[in-house]
Amino acid sequence: MSLEGPSFYDDATIFQNYMKRRERTDTPNDTLELPVVEELLGNVVGQDILDLGCGDGRFGLNLLKAGASSYRGIDGSENMVRVAQANLAGTAGTVSKGALEELRLPPEAFSRVCARLVLHYLQDLTHTFRAVSESLRSDGLFVFSVEHPVITSSDIAAQESGLRQNWTVDGYFNTGPRVTNWMGGKVVKHHRTVEDYFVAAQIAGLVVEGLREARPRREHFTDEELYNRRKRIPLFLVVAARKPPRADA
Ligand SMILES: C[S@@+](CC[C@H](N)C(=O)[O-])C[C@H]1O[C@@H](n2cnc3c(N)ncnc32)[C@H](O)[C@@H]1O
């Protein structure tokens, strides 16, 4: 049986596997994705930040330590929200449970919105991107990361066991749901092209000002072999899109 995003993370075994994996050194998240997200978010001092699909909230903790004025996390998984609330206890950060497909946000409340590795679980980005755009202040920034489209469009057969040695990208323009074996379960991820993400931001009235593929950088790795492996194929796509300043601003 395959599961949708939040219910996938609410499976006890999968949740445990995921949290254990995130503790490892040199995870793709820490070595590839996070450095680019941080770079695109820029200086967070004084920023009001919304984090969609916030997971365990540790990113929020780091943003607050780095000087963010406020942090609000939203996640659809009960397990994640529970852990995130515990991680953020005693800080200015808040976390609530919510599905991004039904996002309701106050207008012009945030100066930064981020969505790290969650949007490929959504079947349609239209509502979520519009809600993000409306919740951003003039000149505010939306930074999101997703599994790279060459990964979401590569065959799942090769993922059945062991360290993957080759990737077959196929049906790249056949966008839509693909069932993937991951963390000991089957999850539905929605494949989109690079262009689709770009256009979704444009339709929401945002101007894409950064598009990155999380190119590996040696200084982020403790292991040379892993660094070389990560140069084989891009794992992440990271986009920064800005809400244009109001004409009267
Ligand atoms: C791969 S984890 C990433 C967590 C965190 N952003 C990070 O980078 O560490 C994906 C997260 O997205 C959440 N999620 C998936 N689909 C969602 C949806 N439709 N609405 C809200 N949250 C969702 C999951 O519960 C999970 O916590």
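Arginine 212 is partly exposed, because its relative accessible area is 27%. Here buried means under 20% relative accessible area, exposed means over 50%, and partly exposed lies in between (1.4 Å probe, protein chains only).

Before we go on, a word about the model. It is a predicted one, in which local features need pLDDT of at least 70, side-chain atom pairs count only at pLDDT 80 or more, and totals for chains, interfaces and linings use all residues. Residues are numbered from 1 along each chain as its sequence is written, and side-chain values use heavy atoms, with hydrogens and water left out.

**Salt bridges**

A salt bridge is a side-chain nitrogen of Lys or Arg within 4 Å of a carboxyl oxygen of Asp or Glu. How many salt bridges does this rule give? The count comes to 11.

| Arginine 212 | Glutamate 39 | 3.2 Å |

In the table, Lys and Arg count as positive and Asp and Glu as negative, while His and the chain ends are not counted.

To place these residues, note that helices (H or I, at least four residues) and strands (E, at least two) are DSSP runs, numbered from the N terminus. Glutamate 39 forms a salt bridge with arginine 212. This pair links distant parts of the chain, with glutamate 39 in helix 3 (residues 28-41) and arginine 212 in strand 9 (residues 207-212), 173 residues apart. Glutamate 39 counts as partly exposed, because its relative accessibility is 44%. Both partners also belong to a network of salt bridges that links Glu39, Arg212, Arg217 and Glu219.

Is aspartate 48 buried or exposed? At 17% relative accessibility, aspartate 48 counts as buried, whereas arginine 137 is partly exposed at 30%.

Lysine 189 lies in strand 8 (residues 185-191) and glutamate 147 in strand 6, so the pair ties together parts 42 residues apart in sequence. Both lysine 189 and glutamate 147 are buried.

**A buried arginine without a salt bridge**

Arginine 112 sits in strand 5 (residues 110-116). Arginine 112 is buried yet has no salt bridge, and the nearest side chain of opposite charge, aspartate 139, is 7.1 Å away. What lies 3.0 Å from a polar atom of the side chain of arginine 112? The backbone oxygen of leucine 41 does.

**Positive phi angles**

Most residues other than glycine have a negative phi. Aspartate 139, in strand 6, has a positive phi of about 75 degrees although it is not a glycine. Aspartate 139 counts as partly exposed, at 36% relative accessibility. Aspartate 26 has a positive phi too, near 60 degrees. Aspartate 26 lies in the loop between helix 2 (12-22) and helix 3, and it counts as buried because its relative accessibility is 11%.

**An exposed leucine**

Leucine 163 is found in the loop between helix 7 (149-152) and strand 7 (176-182). At 62% relative accessibility, leucine 163 counts as exposed. The C-alpha atoms of leucine 163 and serine 133 are separated by 39 Å, and the two residues are 30 residues apart along the chain.

Methods:
A polar contact is a pair of N or O atoms within 3.5 Å; within protein, one must be able to donate a hydrogen and the other to accept it, and residues adjacent in sequence count only if both atoms are side-chain atoms.
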